[in-house]
Structure formats: C-alpha cells, structure tokens
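Visitor: Can you walk me through this one? Keep it quick, please.

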Amino acid sequence: MKSVLLVFAAGGLGCVARYKLGALVLHHTIAWKFPAGTFAVNVIGCLVAGLLIGLAENHGFLTSEVRLLLFTGFLGGFTTFSAFGVETVALMQRGDFAVAASDVAASVVFGIVALWGAVKLAGLGSG
C-alpha cells in the first residue's frame, strides 16, 4: 500500500508539473504550429530520467522506493515518453539495436494508427 501511495502522490505532482510547464511553453509559442509544450515536456522528462539513471548507476544512491517515487510516480505523471526513452536506451546499451529500433517504430506507428482509428470509430455515430 505504501508503494501505491508513493506513486499516487508523486504522479499527481508530475501531472501538475506537466500542466504548468506545458501552459508556460504554450504561452510563449502560441503562434507556432509545432506542439512545443508536449515536445518540451517529453525532452525534459527524458533529460531528468537520464540524469537520475546516470547518478543512480554511478553513485548507487537511489533506493527502490525512491526509484518508484521518481520514475513511476513523478516522471510517469509528467510524461510516459521518458519511460519509453529509458527502455529504448537500455535496449541499446545491451546491444539490442534491432529490438530498440523496432520498438520505436512500432510504438510510433501503432500508437498513431490506434489513436486515429479510435477517433474515426468514436465519430461513426455523429454526422
């Protein structure tokens, strides 16, 4: 139960951080056609995840509870793209480049196709 509460609390903070950062970026890029808010959140989430992983691997200071709080909770609420990036880099570090590339390609293609299909399916009853 303690783990669930850690993830819940940190995830809420991550969601609020995503909302505030996205709004801040949108305020400064309102005229852009590029989704700068989402882009900024995804890149910053990956940067933070990379820094934390690097520190943990080199200094061993992150307990399993702190990892749960930071990665699953805060960064999970902030952006799941960071988890995707962490998993992809882990595959590449193990030398599984083909698996990493296929995961990246499949995640992007199938994710977009699923979203597009769901939008079309949901719109069948209207119009």
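**Helix packing and burial**

Guide: Start with a helix pair: H1 and H2 pack at an angle of about 130°, and their axes lie 8 Å apart. Axes are lines fitted to C-alpha atoms, for helices over the stretch in contact, and angles run from 0 to 180 degrees between N-to-C directions. This is a predicted model: local features need pLDDT of at least 70, side-chain atom pairs count only at pLDDT 80 or more, and totals for chains, interfaces and linings use all residues. Residues are numbered from 1 along each chain as its sequence is written, and side-chain values use heavy atoms, with hydrogens and water left out.

Visitor: What orientation do H1 and H2 have to each other?

Guide: H1 and H2 are oblique to each other. Angles under 35 degrees count as roughly parallel, over 145 as roughly antiparallel, 65 to 115 as roughly perpendicular, and the rest as oblique.

Visitor: Is the crossing of H1 and H2 left-handed or right-handed?

Guide: H1 passes H2 in a right-handed crossing. The term is right-handed if the near helix is turned clockwise from the far one by less than a right angle, and left-handed if anticlockwise.

Visitor: Which residues meet there?

Guide: From H1, Arg18, Leu21, Gly22 and Val25. From H2, Ala36, Gly37, Thr38, Ala40, Val41, Asn42 and Ile44. Contact means heavy atoms within 4.5 Å. By class, the H1 and H2 contact has six nonpolar, four polar and one charged residues. Ala, Val, Leu, Ile, Met, Phe, Trp, Tyr, Cys and Pro count as nonpolar, Asp, Glu, Lys and Arg as charged, and the others, Gly among them, as polar.

Visitor: Step back. How many helices and strands are there?

Guide: Five helices and zero strands. Helices (H or I, at least four residues) and strands (E, at least two) are DSSP runs, numbered from the N terminus. The C-alpha atoms fill a box of roughly 55 × 35 × 35 Å, taken along the principal axes.

Visitor: What share of the protein is buried?

Guide: Of the 127 residues, 21% count as buried. Buried means under 20% relative accessible area, exposed over 50%, partly exposed in between (1.4 Å probe, protein chains only).

Visitor: Which residues of H1 are buried?

Guide: Ala10, Gly11, Gly14, Gly22 and Val25. Their cover includes H2 and H3.

Visitor: And which in H3?

Guide: Gly73, Leu75, Gly77 and Phe78. The cover there includes H1 (2–28), H2 (36–59) and H4 (81–93).

Visitor: What span should H3 have?

Guide: At 1.5 Å a residue, the 15 residues of H3 (64–78) should span 21 Å. The end C-alpha atoms of H3 are 19 Å apart, which agrees. The expected span is 1.5 Å times one less than the number of residues.

Visitor: New topic. How do H4 and H5 pack?

Guide: H4 and H5 (residues 97–122) pack at about 155°, with their axes 7 Å apart. That makes H4 roughly antiparallel to H5. H4 passes H5 in a left-handed crossing. H4 brings Phe84, Thr88, Leu91 and Met92 to the contact, and H5 brings Phe97, Val99, Ala100, Asp103, Val104 and Ser107. These divide into seven nonpolar, two polar and one charged.

Visitor: Last one. Is Ser82 buried or exposed?

Guide: Buried, with a relative accessible area of 4%. Ser82 sits in H4. Not counting residues up to four places away in sequence, Ser82 touches Gly45, Cys46, Ala49 and Leu75.
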